[in-house]
Amino acid sequence: MTRPVIGICTAIERARWSVWDQPAALLPLGYVKAVQRAGGLVTMLPPDPLLSEDPDQALALLDGLILAGGADIDPASYGREPHPETLGTVRERDVFEIALTHAAIERDLPLLGICRGMQLINVALGGTLLQHLPEHFGHQEHRRVVGSFDGAEHDVRLSEGSLAASAAGELLHSTRSHHHQGIERLGEGLIVSGVSTLDELPEAIEWAGGPSDRRFVLGVQWHPEADLASSVVGALVDAAAAARISE
C-alpha cells in the first residue's frame, strides 16, 4: 500500500557539517524517524515565499502536515513587542507556517503541531503567547536543561474524549518538553484539551468541533518524536492514511 505523505516544516538555521558552515534548512532526525516508524513518507518543507502566497501548491501533494519545534515565534505575529528572552526568531518561517496552517485547516488536511508548532497553530488562529514562562510561574520545569530532553519528563492531564487523549492513548500522559513560552489567549476555534500537572499550563489544543468537523487538528506542547513509546505522531500518520483512502 502507498504510504501517506507527511510534510514537515523545517527550521532555517546556521549549521556546520563536514567542512561547511552555512545557513541550512534543518529538521531533527527524530521527526523523520517517528513518521517513518508509523508508516509515513516524509517530505521536508522549508520556508518558501511563493508558497506563503499559495500554500495549496504544496498541500495538494500531502496527506498530512507536521509543524515542528524550533525557534521562538516573532511576537509581531500576535501584536506584541519582543521580550528580552524571545530569541532566534525567523519571520520568514512564521509567515510560511501560518499560511500553511490556515490552508491545511481549510482543506481538512490532518495537522499536528509540536512544541513551537502548537504555539504556531494558536497564533495563526488569533491567539497570543506568554513569552517567558519562568516570569509567570516562578520555575523552569518546562525547560530544565537547555538543549536536552534529559530529566524533561512531566505529566500532562488530557481531557476525556479529546483528540489529544485518543492520540496519546491515555488521560495522564508522561511527556518530554523543552520550551520557555506557552499559550496565553487561545486562538479562535480551538479548545484546551490538556494541561500540565505542574501548573495548569495548556499543553494540548485542538479544533473545538472535534473529529467530526475536522479530521485532525492537534497541537501538543511536548515532543512526542523524542519518545519511542509515544503514539502521537502515529495518530497523525493514521489520520493521513485514512484521509488518503477516503479521497
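**Cavities, helices and salt bridges**

Q: Which residues line the second largest cavity?
A: You're looking at a predicted model, where local features need pLDDT of at least 70, side-chain atom pairs count only at pLDDT 80 or more, and totals for chains, interfaces and linings use all residues. Residues are numbered from 1 along each chain as its sequence is written, and side-chain values use heavy atoms, with hydrogens and water left out. A cavity is a set of points, on a 1 Å grid over the protein atoms alone, where a 1.4 Å probe fits but cannot get out, and a lining residue has an atom within 4 Å of a point. By that rule, the lining here is His 173, Ser 174, Thr 175, Arg 176, Trp 222, His 223, Pro 224, Asp 227 and Ser 230.

Q: How many polar residues are in the lining of the second largest cavity?
A: Sort them by class: Ala, Val, Leu, Ile, Met, Phe, Trp, Tyr, Cys and Pro are nonpolar, Asp, Glu, Lys and Arg are charged, and the others, Gly among them, are polar. That gives two nonpolar residues, two charged ones, and a polar count of five.

Q: How much space lies in the largest cavity?
A: The whole structure has two cavities of 30 Å³ or more. Grid points get joined across faces, edges and corners, and the volume is the space filled by probe spheres set on those points. For the largest cavity, whose lining includes His 132, Pro 134 and His 180, that comes to about 60 Å³.

Q: Why is helix α5 largely enclosed by the rest of the structure?
A: Go along residues 116-124 and check who's hidden. The buried ones include Arg 116, Met 118 and Val 123. Helix α5 is largely enclosed because the buried share of its residues is nine of the nine.

Q: How far apart are the N and O atoms in the salt bridge of Arg 244 and Asp 63?
A: Side chains of opposite charge can pair when their charged atoms come close. For a salt bridge, a side-chain nitrogen of Lys or Arg must be within 4 Å of a carboxyl oxygen of Asp or Glu. Between Arg 244 and Asp 63, the N to O distance is 2.4 Å.

Q: Which residues are linked in a network of salt bridges?
A: Start with Asp 94 and Arg 116, whose closest N and O atoms are 2.9 Å apart. This pair links helix α4 (residues 91-107) with helix α5, 22 residues apart, and both partners are buried. The network itself is made up of Arg 93, Asp 94, Glu 97 and Arg 116.

Notes: Buried < 20%, exposed > 50% of the residue type's maximum accessible area, 1.4 Å probe, protein only. Helix = DSSP H or I, 4+ residues; strand = E, 2+ residues; numbered from the N terminus. 1 Å grid on protein atoms, 1.4 Å probe; cavity = no way out; pocket = protein on both sides within 12 Å on 5 of 7 lines; lining within 4 Å.
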